[in-house]
Every structure is written in structure tokens, then in C-alpha cells.
Amino acid sequence: MTRRELSAGVVLVRRMRGRTWFAAVRPRGKPEGTWVLPKGLIDPGETPAETALREGHEETGVHGRLVSKLGDVRYVYTWRGERVFKIVSFYLATAASGRVGDIPPGMEREVADARWLPLVDARRLLAYRGERDMARKALEGVTEEPL
């Protein structure tokens with residue numbers, strides 16, 4: 001039996017010092033240097049875009065403004081002997097307010113660190129191939145239009 005799981009995530013970007021940066025998260029319990037994009041399960045009654053923005057804020061402390069959908073990442077994993085087919089819809093958003101690392105109380109159980117990293121380095125820094133692909137799409141998108 002395979003279970004389906006739907007999540008959403010965000011490539012949250014901002015311009016600083018003439019460069020584009022993205023908000024990355026180091027999950028609690030993962031080694032130093034393990035960077036991922038903010039993402040999480042879609043709550044009942046929530047759209048994937050709403051989930052992406054909510055997760056971005058919860059995991060980084062930054063509120064985002066939605067730009068566009070980047071695409072979906074699909075993969076299968078095993079949890080307690082059960083196969084799970086997961087689809088994560090990723091969105092591009094620009095930073096609107098908040099400070100990276102000022103995560104809401106309680107989120108420190110999930111997030112060990114959050115920081116801005118150069119978007120051009122995402123392919124080298126992000127831990128998962130699907131997320132690296134989404135960051136590449138984000139980089140293509142932000143070079144075509146001003147933030």
C-alpha cells in the first residue's frame with residue numbers, strides 16, 4: 001500500500017548588495033552544512049501557495065510575497081515500513097518583511113538555523129536534487145525580471 005502526501009515549499013528570495021539571495025533552512029538533527037528549502041504539509045483548507053508562504057515564514061522568520069509557481073518535485077520514501085509517494089509544489093516568493101532566523105516560538109524543534117545564501121550557489125549548497133532544480137528555475141526567473 002502506498003500513501004500519498006502533498007506538501008508545498010518556497011524559494012524565498014531578496015536582493016542585497018547587487019546579488020540575489022535565498023532563505024535556506026538547516027533542519028534540527030541534520031549536520032552542519034545541510035541546507036534545504038522551507039516546506040511542509042498542506043493543511044486542510046489551505047492552497048499549496050498559502051502553505052508555501054506559511055512554511056516560509058514559520059521556518060525562516062520572513063514573510064514572502066508570491067511571484068509564481070516553479071514546479072513540482074515527486075519522490076517516494078519509506079516511513080515505518082510504508083511507502084509514501086510525495087509531491088511538493090514549489091513557489092517563488094520575494095521577501096516582504098521579517099528577519100531571517102527570527103522564527104516563531106516552537107519552530108526551533110524543526111529548525112536549527114535559517115539564513116540568506118547566494119542563489120547562484122544553491123546548486124552546490126542545497127542537499128536535495130529536486131530542491132536544487134527549483135532553485136535553478138528561481139534563478140532563471142529572477143534574472144529575467146527585477147525583484
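Before looking at strands, I noted the rule for pairing: two strands pair if DSSP finds at least two bridges between them. Helices (H or I, at least four residues) and strands (E, at least two) are DSSP runs, numbered from the N terminus.

**Ground rules.** This is a predicted model, where local features need pLDDT of at least 70, side-chain atom pairs count only at pLDDT 80 or more, and totals for chains, interfaces and linings use all residues. Residues are numbered from 1 along each chain as its sequence is written, and side-chain values use heavy atoms, with hydrogens and water left out.

**Confidence.** I checked pLDDT, the predictor's confidence in each residue, from 0 to 100. The chain has a mean of 94, and 96% of its residues reach 70 or more.

**Strand β2.** I followed its partners next. β2 pairs with β1 in the antiparallel sense over 4 bridges, and in that pairing R14 stands opposite W21 of β2. β2 also runs antiparallel to strand β6 (residues 111–118), joined by 7 bridges; there V25 stands opposite A114 in β6.

Is β2 buried or exposed? I used these cut-offs: buried is under 20% relative accessible area, exposed over 50%, partly exposed in between (1.4 Å probe, protein chains only). In β2, 8 of the 9 residues are buried, so the strand is largely enclosed by the rest of the structure.

**F22.** I picked this residue because it lies in strand β2 and counts as buried at 0% relative accessibility. Which residues does F22 touch, leaving aside its neighbours within four places in sequence? With contact meaning heavy atoms within 4.5 Å, the list includes V11, L37, W116, L119 and L126. L119 is 97 residues away along the chain, yet its C-alpha atom and that of F22 are separated by 5.5 Å.

**Two hairpins.** The hairpin of β1 and β2 has 2 residues between the strands, and R17 takes a positive phi near 50° there. R17 is found in the loop between β1 (2–16) and β2 (19–27), and is exposed at 69% relative accessible area.

I then turned to β4 and β5, which run antiparallel and are joined by 16 bridges. Y77 has V84 in β5 as its bridge partner. This hairpin has 2 residues between the strands, with R80 at a positive phi near 50°. R80 sits in the loop between β4 (62–79) and β5 (82–98) and is exposed, with a relative accessible area of 76%.

**The largest pocket.** On a 1 Å grid over the protein atoms alone, a pocket is an open set of points where a 1.4 Å probe fits, with protein on both sides within 12 Å along at least five of seven lines; lining residues have an atom within 4 Å of a point. I found about 820 Å³ in the largest one, volume being the space filled by probe spheres set on the points, which are joined across faces, edges and corners.

Its lining has 28 residues, with K39, Y75, K86, Y128 and E131 nearest the centre. Which element gives the largest share of the lining? That is β4, with 5 residues. By class I noted 14 nonpolar, 3 polar and 11 charged residues (Ala, Val, Leu, Ile, Met, Phe, Trp, Tyr, Cys and Pro count as nonpolar, Asp, Glu, Lys and Arg as charged, and the others, Gly among them, as polar).
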